[in-house]
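Please look over the sequence and the model before reading on.

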Amino acid sequence: MSDRYGFWRLLREGLRGHTGWGPAWRDPEPKAEYDVIIIGGGGHGLATAYYLAKVHGITNVAVLEKGYLGGGNVGRNTTIVRSNYLHTGNELFYEKSLQLWEGLSGDLDYNVMFSPRSIINCFHTDGQRDAEARRGNQMILHGADAVLLDKEGVRREAPLIDVDNPRFPIYGGLMQKRAGTARHDAVAWGFARGADKRGVDLIQNCEVTGIDVEDGRVTGVQTSRGPIKAKKIGMAVAGNTSRVGALAGLRLPIESHVLQAFVSEGIKPMLHNVITFGAGHFYISQSDKGGLVFGASLDGYNTYAQRGNLPLIEHVMEAGVSFVPAMSKVRLLRSWGGVMDMSPDGSPIIDKTPIEGLYLNAGWCYGGFKATPGSGWCFSHLIADKPTHHIAQMRLDRFKTGRVIDELGAGAQHNLH
Ligand SMILES: Cc1cc2nc3c(=O)[nH]c(=O)nc-3n(C[C@H](O)[C@H](O)[C@H](O)COP(=O)(O)OP(=O)(O)OC[C@H]3O[C@@H](n4cnc5c(N)ncnc54)[C@H](O)[C@@H]3O)c2cc1C
């Protein structure tokens, strides 16, 4: 019997009480040595292992995860997928990632529920309109799609937004139609299953506690399940980047901050797109289960705790009700937090480190979910010694040279991105 997740398989299992499904991946013991070790079983680590095996034929690979697969930020985010960036350093990469999203369910044979329902970034001043028009033009120049909406366009596309009597007048919005949402857990599970099927060992409950370096080159790792040797090691540990980097004696330009998200009780469909507020940090969409999913900015202090504080919750609710007044009638179900790997310019790093054989994937700030396939694709190319042009500017040394990708124009300050 095929282990594909197709219609006929579903029908067959449905008729026999779903008794024929096996585990989606194995639970192997770690081997003594691998060609490549990926530290971190989040979206980026799993996607990297998948593409290493699928695209480059490198299958003697282990993903080491200190907890369970998908228990980090990949399972904690608000699932927005888009490629609406201004600077080439980001836009090239995120557009590649969006293109991978568009075929991902078929490629993985796993329904990641990618839903291209569009994103609209609202603007509220003439100056903001100019900035959004410039951003839209840049997107189009890089092969992405963008439409500049006026006020009536926003009313037509997102009827829920109060455009007639809002606290902050709405002049229009920049829309990317191909943007949308996906099911976060499914993305982690789909990449895990795809990597496992191609021979990658996914080792859970295996914390990396040391990185062995001899004569400037990595030789392996120390873990809670014993030492493992490796020729190459990729770090994809998001909010724990500084801590894991320190195991190899690296001082990396990453700060850890908490970011919160919120979901309301389930209600009937009322919001068809992802919309963002331009007069404060706030964005919202509606999940397939009916909950309003929304969030805003960082809590603003360094932490490794996966929970936030009340002042930010109050701030988010204020911004939300200013933008979408109907929200005030909905009950909040729960909120949670994740630890973000903030880089000084708000843009990621996919690069080699000064230690031979040690590779870095970090700095995803609060936008790394949409990057998942693109990040895995590009990181696997780098590790396989076939770097792609999509990451040409995502270099670690840009913070020394000053050639930063300053998307927000906020300078080199982690908590402002
Ligand atoms: C509230 C919130 C909302 C967000 N919203 C969005 C959004 O709408 N769109 C978007 O694009 N992005 C969003 N993000 C960001 C996105 O989730 C992250 O940037 C992305 O998931 C990070 O990459 P990852 O999936 O590999 O990280 P993680 O899933 O965090 O994976 C890293 C893994 O490394 C493991 N690890 C750490 N240290 C070790 C060690 N020593 N040994 C072994 N394993 C280790 C961790 O346990 C973890 O599982 C959001 C994040 C949060 C928290």
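This is a predicted model: local features need pLDDT of at least 70, side-chain atom pairs count only at pLDDT 80 or more; totals for chains, interfaces and linings use all residues.

Residues are numbered from 1 along each chain as its sequence is written, and side-chain values use heavy atoms, with hydrogens and water left out.

Start with the ligand. The shell around the ligand holds 37 residues, and Glu65, Asn73, Val74, Thr78 and Lys370 come nearest; a residue belongs here if one of its heavy atoms lies within 4 Å of the molecule. By class, 18 residues of the shell are nonpolar, 14 are polar and five are charged. In this scheme Ala, Val, Leu, Ile, Met, Phe, Trp, Tyr, Cys and Pro count as nonpolar, Asp, Glu, Lys and Arg as charged, and the others, Gly among them, as polar. Helix 2, strand 12 (255-266) and strand 16 (332-342) each supply at least two residues of this shell, and strand 12 gives the most, with three. Helices (H or I, at least four residues) and strands (E, at least two) are DSSP runs, numbered from the N terminus.

A polar backbone atom of His44 is 3.1 Å from an oxygen atom of the ligand. A backbone N or O atom of Ile80 lies 3.0 Å from a ligand nitrogen atom, and a backbone N or O atom of Gly368 lies 3.0 Å from a ligand oxygen atom. The ligand on its own has 1000 Å² of accessible area, of which the protein covers 96%. Accessible areas come from the Shrake-Rupley method with a 1.4 Å probe; for residues, only the protein chains shown count as cover.

Next, the helices. Helix 7 (residues 184-197) has 14 residues and spans 20 Å from its first C-alpha to its last, close to the 20 Å expected at 1.5 Å a residue; the expected span is 1.5 Å times one less than the number of residues. Twelve of the 14 residues in helix 7 are buried, where buried means under 20% relative accessible area, exposed over 50%, and partly exposed in between (1.4 Å probe, protein chains only). Among the buried residues of helix 7 are His184, Asp185, Phe191 and Arg193. The buried residues of helix 7 pack against helix 2 (43-56), helix 3 (88-102), helix 4 (104-108), strand 8 (201-203) and helix 10 (372-383), with contact meaning heavy atoms within 4.5 Å. Gly199, which follows helix 7, has a positive phi near 105 degrees.

Helix 3 has 15 residues and reaches 21 Å between its first and last C-alpha, close to the 21 Å expected. Helix 3 is also mostly covered, with eleven of its 15 residues buried, including Glu91, Glu95, Lys96 and Trp101.

In helix 5 (residues 126-141) sits Gly136, which counts as buried because its relative accessibility is 5%. Gly136 touches Ala146 and Leu174, leaving out residues up to four places away in sequence.

Thr181 belongs to strand 7 (residues 180-181) and is buried, because its relative accessibility is 7%. The side chains of Thr181 and Arg117 are joined by a polar contact of 3.4 Å. Beyond four places in sequence, Thr181 touches residues including Thr79, Met113 and Val274. Pro116 lies in the loop between helix 4 and strand 4 (119-123) and counts as partly exposed because its relative accessibility is 48%. With neighbours within four places set aside, Pro116 is in contact with Lys177, Arg178, Ala179 and Gly180.

Finally, backbone angles. Most residues other than glycine have a negative phi. Thr79, not a glycine, has a positive phi of about 65 degrees; Thr79 is found in the loop between strand 2 (61-64) and strand 3 (80-81). Cys365 also has a positive phi, near 45 degrees, and lies in the loop between strand 18 (358-362) and helix 10. Thr79 is buried because its relative accessibility is 12%, and Cys365 is buried because its value is 4%.

How values were computed:
A polar contact is a pair of N or O atoms within 3.5 Å; within protein, one must be able to donate a hydrogen and the other to accept it, and residues adjacent in sequence count only if both atoms are side-chain atoms.
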